[in-house]
Amino acid sequence: MSWRGTNQTVVKEFFLMEFSHIRDLQVLHAILFLLIYLSSLIGNCLIIVLVTLDHYLHMPMYFFLKNLSFLDVCLISVIVPKSILNSLSGNSIISFPGCVLQVFLVVHFVAAELFILTAMSYDRYVAICKPLHYEVIMKRETCMCMTATSWFFGAFFGSLYSAGTFSLSFCGSRNLPQFFCDVPSLLKVSCSKSHITIDASVAVGICNGFFCFLAIVLSYIYIFKTVSSMPSVQAGSKALSTCVPHLIVVTIFLLTAIIAYLKPVPESPSLLDLMLSVLYPVLPPTMNPIIYSLRNKEIKASLRKILWNFDSNRKY
């Protein structure tokens, strides 16, 4: 892994980490990322289309799933296409405004996704623990409000982090040890001795993350207690089966986020560091549609129905 760069007083651009200087490996990286990007795009867009077209999926759980898929498409689109273009062109430069925008959008979509995942856990809590009040509590207005709140706080944290990060001075090397602009890498190359603004932003972000994590944990504690007290084992298994995809998605999301933001940024990233940096923006958006498609009978049934209708219409 290597970089290119110069030392200038006025910051106009940054130099992202290159996967390799060898042309064949650059093309290989571009092809691999393109395949991952297309699979994520197709999977998430398929979920959005299915939930939109199939009225049997017009329920709060799938409403949140559609929003999650849209956020996944946005997150991976902010990072991966730029990386593919850099590898094909052999140019690792990103402009200062482009870097600011990338930090804002990544934090925005990640924070919004965390709120959506929290809303999904609350939805499962109400569905299993308070089934008689489900339609009253999880009405359309409530779901719309929770989604709007997730987008609002996503924009809030995106603005907070980008403003705090780019209030710092960048007077030395601008070679970022990452293939996209993120806060830890920018802090690594900053020459500011005081990071009060961004430290305060990170503290607020950690508190928010802990609150969401606590809400998810408490939701599942009540869910497991309710399921364990059900007289029918079959009913308990059916209830838990609706929670399994969400639990897997939350685990992947939190683990990759923890690795990305709590792992120290190395001076010279190794191959392992490179692989770990790829996990965070790429793995959750790619795996989420696969997890929900494989584990969800309603999604699979909706897909079969639409394919059958399409085949029938084509014959006639």
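Start with cysteine 129: its sulfur sits 8.8 Å from the closest cysteine sulfur, which belongs to cysteine 243, and that is too far for a bond. Bear in mind that this is a predicted model.

Cysteine 243, with a relative accessible area of 0%, is buried.

So which cysteines do pair up? Cysteine 99 and cysteine 181 do, with their sulfur atoms 2.0 Å apart. The count by this rule comes to 1 disulfide. This pair ties together distant parts of the chain: cysteine 99 lies in helix H3 (residues 96-129), while cysteine 181 is in the loop between helix H5 (140-165) and helix H6 (183-189), 82 residues apart. As for handedness, the torsion about the S-S bond of cysteine 99 and cysteine 181 is about -120°, so the disulfide is left-handed. Both cysteine 99 and cysteine 181 are buried.

Over to the charges. Where does positive charge gather on the surface? Lys238, Lys297, Lys300 and Arg304 form a patch there. Helix H11 (residues 297-315) gives the most to this positive patch, with 3 residues. Lysine 238, one of the patch members, is found in helix H8 (residues 233-241). Lysine 238 has a relative accessible area of 64%, so it is classed as exposed.

One more spot to look at is threonine 251, which has its place in helix H9 (residues 244-262). At 41% relative accessibility, threonine 251 counts as partly exposed. How far is threonine 251 from proline 284 in sequence and in space? The two are 33 residues apart along the sequence and 9.7 Å apart in space, C-alpha to C-alpha.

Here are the accessibility values for the individual residues:

| Residue | Relative accessible area | Class |
|---|---|---|
| Cysteine 243 | 0% | buried |
| Lysine 238 | 64% | exposed |
| Threonine 251 | 41% | partly exposed |

Definitions and conventions. Residues numbered from 1 in each chain as written. Predicted model: local features only at pLDDT ≥ 70, side-chain atom pairs only at ≥ 80, totals over all residues. Heavy atoms only, no water. Patch = residues over 30% accessible without salt bridge, like charges linked within 9 Å, V, L, I, M, F, W, Y side chains within 5 Å. Areas by Shrake-Rupley, 256 points an atom, 1.4 Å probe, with all protein chains shown as cover. Salt bridge = Lys/Arg side-chain N within 4 Å of Asp/Glu carboxyl O. Lys, Arg positive; Asp, Glu negative; His and termini not counted. Charge placed at Lys NZ, Arg CZ, Asp CG, Glu CD. Helix = DSSP H or I, 4+ residues; strand = E, 2+ residues; numbered from the N terminus. Buried < 20%, exposed > 50% of the residue type's maximum accessible area, 1.4 Å probe, protein only. Disulfide = S-S within 2.5 Å.
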